Each structure stands twice: as structure tokens, then as C-alpha cells.
Amino acid sequence: MNAKEKLLNSNDETIKRIKKNIYGTLQTVKIIYPPGFSSVALNEIQVILDNPWSPKKMVGEVTFNNNEIIIRNIHMFFIIELLIRSQSLTDIRLVIFQGKTRGQFDFKKKCLSLPWKYYLNKAMSLKIKINSIASKAFHETALKAILGDIIEEHVANIVSGENSHETTTLYADLYKDKLMLSISLAGEPLYKRGYRGILKASAPLREDAAICCIKKSLEFVKKFQSDFIPNTMIVPFSGTGTFIFEYLQAYFHFSPILFEREYALQKMLLFRAEHFKFLFKKAKENCCLQKQIDTHSTLQILSIDPSEKANISFLENLTTFNSLFKKNGLEPIHITLIKDDFLKINSNNYENIFIPLNPPYGLRLKNYSNPLFLYQNIAKKINEIAFSQKNNGHVLGFILCPNKETWSSFLKYLKQAKTETYHFTQGGKDIRVCQFYI
Ligand SMILES: C[S@@+](CC[C@H](N)C(=O)[O-])C[C@H]1O[C@@H](n2cnc3c(N)ncnc32)[C@H](O)[C@@H]1O
């Protein structure tokens, strides 16, 4: 009997009992988000929890400390809504155990007592990650071996390494003698939405970080103009188009579930297919049709990138994106592709512009061997675009700066702008984001 048959043969009574236990009691989840964007993540969680699609009455206590968001006493229905609706979250982990553990023997005893069948089954391959901080009694390798021995019989196999194809990951987080065991309901991180191909050497920004930058910018503009709505989106250095696709998803309320990627949740015995179908239907209804009709006549999107490879990759992503848009009753999006240097484009005739910028740096800089020169020229180009607008429009934007020098070079040449800077971490690198409104 193969793994799938074994799973299908799982006793109906067992599955019923699992669902009753998981859905009949309130749960705890640990939420992961892009480092530096806690305010965006918290805000998005609150918006979803305040406007649930599930008919159940909402409960849940959201707490935040030490870069960690925990939600306690939350019903599984709302956890799944967060999983399939949120754009800025990276992972949602269902907490299996939380409490004190005094040494390896105690750790083993606790792990042996847990109902692993609720979360694991023979159709899943699993990765184990141990994170032990300030805990003398716990050695990560030893803990991994103990946990692996205990759960081995519940899964198809346990994998490790960067290129493994696990269904999901089981986490054991230890801080001193406090232990939290949790399992990812996403499996593949949530920023892997399913519309983007791989483009080597383009340094694409992670989708979750990209939408966080966009949302922060839309918050920032409210301080100066609460009704600012861009008529034109200009995206220089557009690469694979991450900023454009993430903006469009938010604009049309296109929930990530509609990209039809798989979630680890769907492989678990606790998965309720009817509830998932209901959420899928709700997501479809929620795409904003009226707004789309209005926008199609007004929102102009320009993608600017001189690279042939980047443009091919962008167009492939656009095709996937548009086919999913169409499948959900939305009109395909038209985007003007400008295969040129941003610094050379014509800057006339736009109005109320949104410009998100992620210029190349390091090895990707190519022609601009001096990054300060590039950042200074970008600022000058933005001035030119801002001052040649029609109808006294405004420009809202942000630029990712890899260091202090590029950041100050950009600011020095930007004219008459209101600005605000924040930091976030991308691939271990500290990025300064300068937001501007002219
Ligand atoms: C850091 S990446 C941007 C990645 C993009 N945010 C994404 O998610 O794919 C740099 C991109 O800028 C493009 N580029 C380099 N110089 C440019 C220029 N002067 N004008 C417009 N695009 C440029 C490169 O071809 C490359 O695709």
C-alpha cells in the first residue's frame, strides 16, 4: 500500500476525532513576517480578523514582543483565513506544545506524550528545525535526533538540507527552559505565491517584503494627502515585476488563495475541504469588480527595464498572473513595457504618480560603477518627473538603499520632498528605505 492509499484508509473515526479536537478547541499560532515590518503585519492581521469571512464569532488575543507575533485562543477557521488571505505574512505555525522542559529527558518525555497524528501522516515528508537560545541543557543536534526518532513512524520521511522537498517543517524553539513546538501550515513560505518564475541575477525582492514596502508607503502618504490615489504607477528597475504584481493584488483584493498554490495544511488530516472551498468562493467574490472597471480606464502602469531577460521573465509572470485574473472574472491587466534606461525616459504627461524603486547594487550595477552617481541621477529624474506633471499632481514613492552613502546621495538631490526613512533586513543585509512625497 503506498502512502496515499494508507492515508485514504485512515480510519474515518480517527479523522473525525482529530477534526473535533482541533476545531472544537481554541488554538495558538506563531506568525512569521519579514524582519522590520511588524507594524504592517500586525495591521494586516487586525484587518482580516476584524472582517472575517467565516460566520463564526471571532475571538483571539494578538500579542507582539521580541519580533514575534503570537495569537492565542483563536479558532482554526480564522487561522486558515489569515493563511490564505494575508499578503505580508511569511508563515503561520500552529503551536503543538508550549511549556517548560527541564533537560533532554524531560524534552523526550514531553514529545512522546504529544498527539502527532493530529498534525503528521504517512503522506508527508518533514523537515525539523531546532532553535535553542540561552539554554545550557539543550544541544540542537541531540534534540533533533530525539525528536526525529519519535516522529519518524508518523511521516513518510524526514529530510534535511537546502534543496529538500519537504511537505512542511516542524519547529522546536527553546529559550532557556521554555519550549514551543509548532508546525508550518504553509509548507512553502507564503511569499511563494505561484505566479513568479526564477530570474537569475535580478535580486528580486521577496513578495512579502515588497508588499510591506508598498503598504508602508500608502500609510506614509496619508500624513500629507489622505485621498491620494495614483493614476500612474512607474516602476523603474522592474525586473520580474514584483512591485507591480503585489500592488495589483492589494488593489483588486486578490487573495493569495486564488493563485492556487498548495498549503501544507491541505495534506494534514485536520484539513476541512468544505471550509477551504467556502473560503475560495469568498475570495472570488471579494475581487473588487467595480474598482477594476474604474481603474482600467485610469490606472496606467509602466514597467521600465532595459534587460531582455528581465522583460521575458516579466512577461511570463504577467501571462500567469492575467490567466488567474481572468479565471476569477477579472479583466486582464495591461502594462506598458519600456525596454530602456530609466534615466533616459520621457517624463511628461503623467499625473499622481506612484514610483517604487529597487535599483541594482553590487555586481548588478554594471554600467553604473559608481552607485552614488546612480542614486543622485535617480533623484534628479524623479524631480524632473514630479515637476513636469499635469494638473499639479503629486508623486509618492520609495527607494531601497543598500547603505548610508547611497541613501544620503539620493536625499541630497531630491527637491521639495517630504521624506521619511525606515530600515528592514533583506538576506541579512540592512536596507534603508527612503519614502518621499512631492
Ligand atoms: C535589483 S533588480 C530589481 C528587481 C525587481 N525589484 C524584482 O523584483 O525583480 C535590478 C533590475 O534593474 C534593471 N536595471 C538596471 N539598470 C537599469 C536602468 N538604468 N533602468 C531601468 N532598469 C534597470 C536590471 O535589468 C534588473 O532587472
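What is the handedness of the crossing of helix 12 and helix 13? The crossing of these two helices is right-handed, where a crossing counts as left-handed if the near helix is turned anticlockwise from the far one by less than a right angle, and as right-handed if clockwise.

The structure is a predicted model, in which local features need pLDDT of at least 70 and side-chain atom pairs count only at pLDDT 80 or more, while totals for chains, interfaces and linings use all residues. Residues are numbered from 1 along each chain as its sequence is written, and side-chain values use heavy atoms, with hydrogens and water left out.

**Helix packing**

Helix 12 (residues 371-387) packs against helix 13 (residues 404-413) at an angle of about 30°, and their axes are 8 Å apart. Helices (H or I, at least four residues) and strands (E, at least two) are DSSP runs, numbered from the N terminus, whereas axes are lines fitted to C-alpha atoms, for helices over the stretch in contact, with angles running from 0 to 180 degrees between N-to-C directions. Helix 12 is therefore roughly parallel to helix 13, given that angles under 35 degrees count as roughly parallel, over 145 as roughly antiparallel, 65 to 115 as roughly perpendicular and the rest as oblique.

**Aromatic rings and charges**

Rings of Phe, Tyr and Trp (its six-membered ring) pair if their centres lie within 6.5 Å, and planes under 30 degrees apart count as stacked, over 60 as edge-to-face and the rest as tilted. By this rule the count comes to 27 aromatic pairs. One of them is the tilted pair of Phe-245 and Phe-321, with 4.9 Å from centre to centre and 40° between the planes. Because Phe-245 lies in helix 8 (residues 242-251) and Phe-321 in helix 11 (residues 308-327), this pair ties together parts that are 76 residues apart in sequence. Both Phe-245 and Phe-321 are buried, a term that means under 20% relative accessible area, with exposed being over 50% and partly exposed in between (1.4 Å probe, protein chains only).

Helix 8 also holds Phe-243, which is buried with a relative accessible area of 7%. The C-alpha atoms of Phe-243 and Leu-315 are separated by 14 Å, and these residues are 72 apart along the chain.

A charge sits over a ring if NZ of Lys or CZ of Arg is within 6 Å of the ring centre and within 35 degrees of the ring normal; the table gives two such cases.

| Charged residue | Ring | Distance to ring centre |
|---|---|---|
| Lys-216 | Tyr-422 | 4.7 Å |
| Arg-261 | Tyr-263 | 4.6 Å |

**Cysteines**

With a disulfide taken as a pair of cysteine sulfur atoms within 2.5 Å, the structure holds zero disulfides. Cys-213 is in no disulfide, and the nearest cysteine sulfur, that of Cys-212, is 7.1 Å away. Cys-213 is buried at a relative accessible area of 0%, and Cys-111 is likewise counted as buried at 0% relative accessibility.

**Loop residues**

Lys-176 has a positive phi of about 55° although it is not a glycine; Lys-176 is found in the loop between strand 7 (168-175) and strand 8 (178-184), where a relative accessible area of 47% makes it partly exposed. Glu-260, also a residue other than glycine, has a positive phi near 60°, and Glu-260 is found in the loop between helix 8 and helix 9 (273-286), being partly exposed at 39% relative accessibility.

Phe-37, in the loop between strand 1 (27-32) and helix 3 (38-50), is buried with a relative accessible area of 0%. From C-alpha to C-alpha, Phe-37 and Ser-54 are 27 Å apart in space, and they are 17 residues apart in sequence.
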